[in-house]
Amino acid sequence: MVMEVKADMERILGSGISLRLSDRPDHACGRGGFPPPSPGKDDETDSGCAVKERIARALRLYKDAADGGALVQVWAPAPDGERRRRVLATRGQPFVLPSRCRRLLQYRTVSLAHVFAVDGGDDCTWEERGLPGRVFHARAPEWTPNVQLYGTGEYARMSYALIYDIQGSLAIPVLDPADASRCLAVLELVFTTAPVACFAAEADKLCKALQVIYSSVYLSSLNK
């Protein structure tokens, strides 16, 4: 069954999916669209607002199609004033949470208190980057049918994953339309105990919802 899920995920993700936001005008959050690389502070605000709005729209589509068994949350860059660096945080970002799953609610609460380093280049450790940070840095997806199989230091929320029985996880990078080497956010899908086939099915629904909102899907090899 695990091999079947692996085959399903490879089909869903193609050769390694990452999302590049549409260059088409979007009137949400002010002027819409996206700024060129190296924007000023005001342009960063507009871009961040547009990204957040588009992701929120995609998550609404996903929620309508999904079975309601997964937590989906967004990790976006935010300033860390104490250490004067950027981190990924999910606080204040769009999310989808099953109404009847207390474990995922508690895990969402845990995630709100976590941040992951995105600055520091190759000097950042895996522990500092965490799963969202690794995907943000590599600009490539990462998935596993069971996060509890990760080694020490690979999954910063491991102790909570064991407490709340978190298993399936898929993280997808969202790329800048003007510069594909610039990641804007990371989408994370999280499952508790569930038939492994459900994981691939929900991942498929999430990717389809994202593709409706994001007009361009760029494929890269997972084997590079």
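Guide: A salt bridge is a side-chain nitrogen of Lys or Arg within 4 Å of a carboxyl oxygen of Asp or Glu. We are looking at a predicted model, with residues numbered from 1 along each chain as its sequence is written.

Visitor: How many salt bridges does the structure hold?

Guide: Arg103 and Asp165 form a salt bridge, and Arg134 joins Glu142 in a salt bridge too. Counted over the structure, the number is 7.

Visitor: How far apart in sequence are the parts that Arg103 and Asp165 tie together?

Guide: The closest N and O atoms of Arg103 and Asp165 are 3.9 Å apart. Arg103 belongs to helix H3, while Asp165 sits in the loop between helix H5 (158–163) and strand E7. Helices (H or I, at least four residues) and strands (E, at least two) are DSSP runs, numbered from the N terminus. The pair therefore links parts whose separation in sequence is 62 residues.

Visitor: What is the relative accessible area of Asp165?

Guide: Buried means under 20% relative accessible area, exposed over 50%, and partly exposed in between (1.4 Å probe, protein chains only). Arg103 is partly exposed at 33%. Asp165 is partly exposed as well, with a value of 22%.

Visitor: Is Arg134 buried or exposed?

Guide: Arg134 meets Glu142 in a salt bridge, with 2.8 Å from N to O. The relative accessible area of Arg134 is 8%, so Arg134 counts as buried.

Visitor: Which residue forms a salt bridge with Asp176?

Guide: Asp176 lies in the loop between strand E7 (166–175) and strand E8 (183–192), and with 0% relative accessibility Asp176 is buried. The closest N and O atoms of the two are 2.3 Å apart, and the partner is Arg182.

Visitor: What distance separates the C-alpha atoms of Asp176 and Val51?

Guide: Along the chain, Asp176 and Val51 are 125 residues apart. In the model, their C-alpha atoms are separated by 9.3 Å.

Visitor: Which residue in E5 stands opposite Leu88?

Guide: Strand E3 (residues 85–89) has 4 of its 5 residues buried. Two strands pair if DSSP finds at least two bridges between them; E3 runs antiparallel to strand E2 (residues 70–80), with 5 bridges joining them, and Pro79 stands opposite Arg86. E3 also runs antiparallel to strand E5 (residues 115–117), through 3 bridges. In that pairing, the residue opposite Leu88 is Phe116.

Visitor: What percentage of the residues in the protein chain is buried?

Guide: The protein chain has 6 helices and 9 strands. It contains 224 residues, and the buried share is 48%.

Visitor: Which element of the protein chain has the highest mean pLDDT?

Guide: The mean pLDDT of the protein chain is 74, and 66% of its residues reach 70 or more. Over residues 215–224 the pLDDT is below 50. Strand E9 (residues 216–219) has the lowest mean among the elements, 36. At the other end, with a mean of 95 over residues 102–112, is helix H3.

How values were computed. This is a predicted model: local features need pLDDT of at least 70, side-chain atom pairs count only at pLDDT 80 or more; totals for chains, interfaces and linings use all residues. Side-chain values use heavy atoms; hydrogens and water are left out. pLDDT is the predictor's confidence in each residue, from 0 to 100. Contact means heavy atoms within 4.5 Å.
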